[in-house]
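Morning, everyone. One structure today, taken contact by contact. Please have a look at it first.

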Amino acid sequence: MINYTERIGLLMQDVISRTPALGFIDLREVLVFGRFGRPDAEGAFATCHCLTLPETEPGYYFWKDRETGELTRRSEWFVTKTPEVRVGSTRIKYLISFVLPRFCEQTLERSWKADLYDDVEPWVAKLDTIIHELYHIDPAATGLRQFSNADGTRATRTHAPEFYDEVAKMTRDYLASRPDPALYEFLRLNFSTLHSRFGGVTATTFRNFPSFPQRYMEACSTLPVDQPGVKVEPLKRLSQPTLYTERDLHVREFTGVTARRVPREPFELRQSA
Ligand SMILES: [Zn+2]
């Protein structure tokens, strides 16, 4: 079977080594994993998830009386935190997820992205997506890459038009640098072809699949609760881990309709070249 996320990781290493703007990325701090999504359903092909966002200031949700505007109910105080992911002694800073099998079917045909390219093969849409997700990694390591407005203030959007242009340029430059085709050949194949050629498609996933490390709310019991007449609603108790390690990484085989766990050796730390 072909381990799709491992192949993407190897390709990413080569992309980074040939793309100056991405040269700062240490892939040991980036974990690539698979999520399930059908090709015929709407949704993302891939996502970059940042694990370096700081804890928020304490806050709470509240409900007001529609007529008087008075506070009637509120949640416990809470802070929003990011779970920690560790592989060996390395703390992971970014997760990049690929939605399978949907991503395998991505093509430039009938896509607005085709306008960014002159004459490339349709599968290059997938390479564009891989580079797009890498470009989200912020050199300042403060979250996802942000763009400045013309006046120098920080833009709130992470997808400015120049983001797509830059990604297309990096994609074209990478292909022009004559990388070893063996590194990207798998992107030419759609899901059913991968399946027949390799006998199956697997990917790294988290033990709590289809879940994965996501920001969570934690109650702060030390903050005052007394506001007379206001009912305090307890927060839903946490059901996901706050720390994930390599023991929480499972390889699953993705079919067109589901993903099931496959036995394999313990996850190994990828060494960057
Ligand atoms: Zn994006």
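Start with D128. With a relative accessible area of 1%, D128 is buried (buried is under 20% relative accessible area, exposed over 50%, partly exposed in between, with a 1.4 Å probe and protein chains only).

A word on the source. This is a predicted model, where local features need pLDDT of at least 70, side-chain atom pairs count only at pLDDT 80 or more, and totals for chains, interfaces and linings use all residues. Residues are numbered from 1 along each chain as its sequence is written, and side-chain values use heavy atoms, with hydrogens and water left out.

Back to D128. What does D128 form a salt bridge with? The partner is K113, and the closest N and O atoms are 2.7 Å apart (a salt bridge puts a side-chain nitrogen of Lys or Arg within 4 Å of a carboxyl oxygen of Asp or Glu). D128 lies in helix α2 and K113 in the loop between β9 and α2, so the pair ties together parts 15 residues apart in sequence (helices, H or I of at least four residues, and strands, E of at least two, are DSSP runs numbered from the N terminus). K113 is buried too, at 9% relative accessibility.

The structure holds 15 salt bridges. Another is E218 with K81, closest N and O atoms 2.8 Å apart. That one links strand β11 to strand β6, 137 residues apart. E218 is partly exposed, at 31%.

Now the metal. Which residues coordinate the zinc ion? H132, H136 and H159, each through NE2, at 2.0 to 2.1 Å. Donors are N, O and S atoms within 2.8 Å of the metal (3.2 Å for Na, K and Ca); water is not among the atoms, so sites may look incomplete. The spacing in sequence is H-x3-H-x22-H. H132 sits in helix α2, and H159 in the loop between α2 and α3, 27 residues apart. H132 is buried at 7%; H159 is partly exposed at 35%.

Last, the packing. The largest nonpolar core has 49 residues, and Y4, F98, L134 and L187 touch the most other members (such a core is a set of buried Ala, Val, Leu, Ile, Met, Phe, Trp, Tyr and Cys residues joined through side-chain atoms within 4.5 Å). Helix α2 gives the largest share, seven residues. A second, separate core of eleven residues includes F33, V87, L95 and F212.
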